[in-house]
Amino acid sequence: MATCEVCGNDYALSFEVHAQGAVHTFDSFECAITRMAPICEHCECRIVGHGVEVDRHWYCSAHCARTGDPRRGREARDSVPV
Ligand SMILES: [Zn+2]
Ligand SMILES: [Zn+2]
């Protein structure tokens, strides 16, 4: 049993996420995403997939990178092999 650090649920199937030297405990992926996923700087959705980084700014997609930063995001491509 471990308590979710987002919602406080004490749940038998809670799990840990180890990231950048810290250990987080969650009862669900939804809570993990709420705490850990970056937020797109253009449309403000949570970035659950690969996302796109342009000069240390995070976007959910190449479209948002190009729209949010037309100059530096011009070359942005979704990081999905084609
Ligand atoms: Zn939770
Ligand atoms: Zn976006």
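The largest nonpolar core in this predicted model has nine residues, namely Cys-40, Ile-47, Val-52, Val-54, Tyr-59, Ala-62, Cys-64, Ala-65 and Ala-76. By a nonpolar core I mean a set of buried Ala, Val, Leu, Ile, Met, Phe, Trp, Tyr and Cys residues joined through side-chain atoms within 4.5 Å, and buried here means under 20% relative accessible area, exposed over 50%, and partly exposed in between, with a 1.4 Å probe and protein chains only. Strand S5 (52–54) and helix H2 (62–68) are the elements that give two or more residues to this core, and H2 gives the most, with three. Helices (H or I, at least four residues) and strands (E, at least two) are DSSP runs, numbered from the N terminus. In soluble globular proteins, nonpolar side chains tend to be buried together.

Before going on, a word on conventions: residues are numbered from 1 along each chain as its sequence is written, while chains are lettered from A and ligands numbered from 1 in the order in which they are written. Local features need pLDDT of at least 70 and side-chain atom pairs count only at pLDDT 80 or more, whereas totals for chains, interfaces and linings use all residues, and side-chain values use heavy atoms, with hydrogens and water left out.

Donors are N, O and S atoms within 2.8 Å of the metal (3.2 Å for Na, K and Ca), and because water is not among the atoms, sites may look incomplete. Cys-40, in the loop between helix H1 (29–36) and S5, and Cys-64, in helix H2, are 24 residues apart, and this pair links distant parts of the chain. Cys-40 counts as buried at 1% relative accessibility, and Cys-64 does so at 4%.

What coordinates the zinc ion (ligand 1)? Its donors are Cys-4 (SG), Cys-7 (SG), Asp-27 (OD) and Cys-31 (SG), at 2.1 to 2.3 Å. Cys-7 lies in the loop between strand S1 (2–3) and strand S2 (10–11) and Asp-27 in the loop between S4 and H1, so this pair ties together parts that are 20 residues apart in sequence. Cys-7 is partly exposed, with a relative accessible area of 45%, whereas Asp-27 counts as buried at 14% relative accessibility.
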